[in-house]
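Please find below a short note for a colleague who is meeting this structure for the first time. It is arranged as numbered points.

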Amino acid sequence: AIYQLIPIIWFVVLNNKKRALNPDTSNHDADLALYVRDNNSDLTSLRFLFIDYKCSKWWFEIADMYRRIIFLGVVPLVSPRPTTRASFGCILAILSVAYFREEQPYRVEFTNVVAHIAQFVILVTFYGALTIETESMINFGLKGVSLGVFLLTLNLVILVLTFFFAWTCFKHQRNHEHRKQSQAAITEDARGFSETKFETTFHAIWSHLIPASHALVFHYTSRELAVSGRKSGIASQRRFEGVPLSLRQPHGTTDNDFDVFQLIEDGADKEEQNVISKQDRQRFPHEEVLVLSLPKQFLERLTGFEDDPGLCMISARVLNAMLPTSFTAVMASQPWLDGVVLLPPQCILRSFMILDVEEKPKVSTQLNKRFSMKADYEVNLSRKSYFHEIDTLPGLLSLDSIEAYVKVMESIRHSASEQRLVPLYHYTSPEAARLILKGGLRMSTQGQGDGG
């Protein structure tokens with residue numbers, strides 16, 4: 001008798017924690033309710049009783065205990081007649097099938113399917129016992145051994161199918177997580193992109209990925225916030241009442257772009273910002289730029305910068321309306337569950353690194369080194385002795401000897417090492433080299449490049 005009271009004691013304990021087990025948010029946001037319940041430290045000692053169930057089914061473990069007790073302890077004692085016991089077992093199994101189908105108590109959908117199928121197995125087992133006791137199996141041409149083999153085979157098949165589908169679901173979930181992680185980790189190095197290169201890249205994005213109802217917009221940010229944006233989404237800013245965006249490409253940004261997106265980075269080093277020249281602020285306002293596609297009707301003028309047509313935003317009101325009911329497509333869902341208003345990461349098409357962290361205090365010097373090694377050459381070499389510029393185009397050099405080439409490459413490697421870069425080579429004609437130095441390398445459309 002004391003043993004039978006244990007489930008009742010557990011029910012009383014759980015009932016005292018009912019408000020924490022089934023938060024108020026469970027009526028309209030099941031994921032948020034599960035997150036709140038799972039992170040409640042007061043429920044740690046009782047977690048084994050409810051962790052597998054939905055918030056509204058916190059009591060199901062107790063009910064299931066008594067269901068099992070009835071099947072194992074009550075059915076054998078119902079009657080001395082085997083046919084009565086088997087019939088009673090069939091009735092209980094039918095009720096269990098209907099109950100599991102309607103309630104679906106488990107938080108994982110696949111577990112509900114397995115539990116429902118298991119009730120059919122119990123039903124078939126009791127029905128098999130009933131046919132044996134009533135000898136009705138003879139009408140079907142079956143013997144006791146045949147029926148036993150059938151029941152054993154049925155249970156084994158269901159067991160194998162359960163493991164197969166469970167493994168398939170696990171692989172699908174794991175691949176989905178890997179895809180989300182790989183998408184969040186992708187950022188393209190655009191530190192050496194010219195204005196023409198950016199224009200051609202964004203034109204290709206606009207042509208192939210942007211529908212007529214959407215606009216191509218940009219969000220400039222730091223590397224850390226860019227990673228967070230790709231994983232969770234871009235957070236709404238309280239001072240703007242939304243997410244600030246720019247319609248200007250990296251080479252076309254203005255002081256307004258720099259000022260707006262600099263406000264997002266709390267605790268930024270002001271002295272470091274002052275070192276950046278006005279020209280470099282216009283070219284590279286931040287370390288990374290996120291390229292997004294958003295419906296035009298959702299965009300509105302940026303609060304505080306209404307006179308600047310190049311700045312816009314998507315308001316927090318719209319973002320609240322875009323709030324998904326589940327966060328399976330988001331790699332890091334905790335900010336969403338914490339109630340942060342975010343622009344979904346699915347809106348981000350590409351991410352480009354346009355400035356190194358170490359480059360911020362001295363952008364001008366680094367840009368000179370990147371686009372032309374002329375300053376290093378003048379320090380380390382005698383220009384008249386080793387090379388001369390062709391057609392006065394900076395960076396296109398004609399070397400007179402192997403010795404000169406070795407010394408020039410030594411200077412290039414030293415400069416590249418300071419920037420944590422490595423030299424790469426692209427062989428071409430002088431005519432093509434002039435075009436590359438003016439407009440950057442273009443993606444190939446055929447041959448070995450294959451679009452790269």
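Predicted model: local features only at pLDDT ≥ 70, side-chain atom pairs only at ≥ 80, totals over all residues.

1. Helices H1 and H4. Helix H1 covers residues 2-16, and helix H4 covers residues 60-74. The axes of H1 and H4 come within 9 Å, with a crossing angle of roughly 165 degrees. Angles over 145 degrees count as roughly antiparallel, and H1 and H4 are therefore roughly antiparallel to each other. Their crossing is left-handed.

2. Helices H4 and H5. H4 also meets helix H5 (residues 82-103): the two axes come within 11 Å and cross at roughly 160 degrees. This angle makes H4 roughly antiparallel to H5. H4 passes H5 in a left-handed crossing.

3. A nonpolar surface patch. Leu5, Ile8, Ile9, Phe11, Val12 and Val13 together form a nonpolar patch on the surface, with about 490 Å² of accessible area. Of these residues, Val13 is found in helix H1. Val13 counts as partly exposed because its relative accessibility is 33%, between the limits of 20% and 50%.

4. Positive phi at Gln104. Most residues other than glycine have a negative phi. Gln104 is not a glycine, yet its phi is positive, at about 45 degrees. Gln104 is placed in the loop between H5 and helix H6 (109-134), and with 29% relative accessibility it counts as partly exposed.

5. Positive phi at Glu241. Glu241, also not a glycine, has a positive phi of about 60 degrees. Its loop joins strand S3 (234-235) and strand S4 (242-246). Glu241 has 51% relative accessibility and so counts as exposed.

Methods: Residues numbered from 1 in each chain as written. Heavy atoms only, no water. Patch = residues over 30% accessible without salt bridge, like charges linked within 9 Å, V, L, I, M, F, W, Y side chains within 5 Å. Areas by Shrake-Rupley, 256 points an atom, 1.4 Å probe, with all protein chains shown as cover. Salt bridge = Lys/Arg side-chain N within 4 Å of Asp/Glu carboxyl O. Helix = DSSP H or I, 4+ residues; strand = E, 2+ residues; numbered from the N terminus. Buried < 20%, exposed > 50% of the residue type's maximum accessible area, 1.4 Å probe, protein only. Axes fitted to C-alpha atoms, helices over the stretch in contact; angles between N-to-C directions. Parallel < 35°, antiparallel > 145°, perpendicular 65-115°, else oblique. Left-handed = near helix turned anticlockwise from the far one by under 90°.
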